[in-house]
Amino acid sequence: MKIIKCENYQEMSEKALEVIQELLKDVEKPVLGLATGSTPEGLYQEMIKANEKGEMDFSDICSVNLDEYVGIDPENEQSYHYYMKDHLFDHVNIKEENYNIPKADGDDLDKAVEEYNQLLDEIGRRNVQILGIGNNGHIAFNEPDKTLSIGTRIVQLTDDTIEANSRFFDSPEEVPKKAISMGIGDILNADHIVLLANGKGKQKAIHQLIHTEELDPMFPASFLKVHPSVFIIADKEALA
Ligand code: GLP
């Protein structure tokens, strides 16, 4: 694991873009794995600026998102569809047919899961997977559990995560209890993984991730330890 310590959130976001651009520099048609949450918002801002300056072209970029809440309309502000359009897609020259997010608002969720698994098979290995980390060590919506799934499926969110994500909703009761999420195998199916973390709230999870010597499904991020190219780009608070 390569650990890059940054002074603050802004530096973390700028550094993340620099690392991603370097990793993609010889790739003709990059495939990016994208994450949501507060952590990558600054990185997406930097991507938008780079796109405006002509330093990052999205016209050949294809993207796949990690997850989506079950039962939320894509037009709803709390959906990850809306988040991605608002924070990135509407502001760069990515083609609509080239970005992908699980469709979790229909009646047939099993079909939506099957379709996303098929899509990931067709797209193949991502060049770079961007990740955040939950306070409890979850990655995407792979929550601590006795076993973890390899592929995409429907997951139940833990109370911890519902509480943490309730800041985006009017109350914890409004946070969906389920999501469609890539599995650990999907996440690891990338040439490089760039995990971002900032702030005190992530200290414990980052400490555990750096120091763990075990693959522990109760700490889902531990599975990143088997990947040969993981960058942890974090501010000094998260790394303290
Ligand atoms: C969410 C997402 C994750 C994200 C994590 C941390 O529940 N499913 O992909 O990395 O929690 O979010 P944040 O960056 O807001 O702390």
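Select Asn-165 to begin. In this predicted model, Asn-165 is buried, because its relative accessible area is 11% and the cut-off for buried is under 20%. The residue belongs to helix H5, which covers residues 159-165.

Keep Asn-165 selected and show what surrounds it. Setting aside residues up to four places away in sequence, Asn-165 touches Tyr-69, Tyr-80, Phe-141 and Val-175. Glu-143 and Asn-165 are 22 residues apart along the chain, and 13 Å separates their C-alpha atoms.

**Next stop: Asn-142**

Select Asn-142, in the loop between E6 and strand E7 (153-156). Is Asn-142 buried or exposed? Asn-142 is buried, since its relative accessible area is 0%.

Show the side chain of Asn-142 and look for two partners. One is the side chain of Arg-153, with which the side chain of Asn-142 makes a polar contact at 3.0 Å. The other is the backbone oxygen of Met-182, which lies 2.9 Å from a polar atom of the Asn-142 side chain.

Then widen the view around Asn-142. Beyond its neighbours within four places in sequence, Asn-142 is in contact with residues including Leu-148, Ser-149, Gly-183, Ile-187 and Pro-220.

**Next stop: Asn-127**

Select Asn-127 in strand E6, which runs over residues 126-131. Asn-127 is buried, because its relative accessible area is 13% and buried means under 20%.

Which backbone atom does the side chain of Asn-127 reach? The side chain of Asn-127 reaches the backbone nitrogen of Val-31, at 2.8 Å. Val-31 is also among the contacts of Asn-127 when neighbours within four places in sequence are left aside.

**Last stop: the whole chain**

Along the principal axes, the C-alpha atoms fill a box of roughly 40 × 40 × 35 Å. The radius of gyration is 17 Å, which agrees with a compact globule, because a globule of 240 residues would have a value near 18 Å.

Of the 240 residues in the chain, 54% are buried. Among contacts with a separation of 6 or more, 79% join residues 24 or more positions apart.

The accessible surface comes to about 11500 Å², and carbon and sulfur atoms account for 45% of it. The chain has 23 positive and 45 negative side chains, and the centres of these two sets lie 6 Å apart.

How values were computed. Residues numbered from 1 in each chain as written. Predicted model: local features only at pLDDT ≥ 70, side-chain atom pairs only at ≥ 80, totals over all residues. Heavy atoms only, no water. Rg over C-alpha atoms; globule rule 2.2 N^0.38 Å. Buried < 20%, exposed > 50% of the residue type's maximum accessible area, 1.4 Å probe, protein only. Contact = heavy atoms within 4.5 Å. Areas by Shrake-Rupley, 256 points an atom, 1.4 Å probe, with all protein chains shown as cover. Lys, Arg positive; Asp, Glu negative; His and termini not counted. Charge placed at Lys NZ, Arg CZ, Asp CG, Glu CD. Helix = DSSP H or I, 4+ residues; strand = E, 2+ residues; numbered from the N terminus. Polar contact = N/O pair within 3.5 Å; in protein donor to acceptor, adjacent residues only side chain to side chain.
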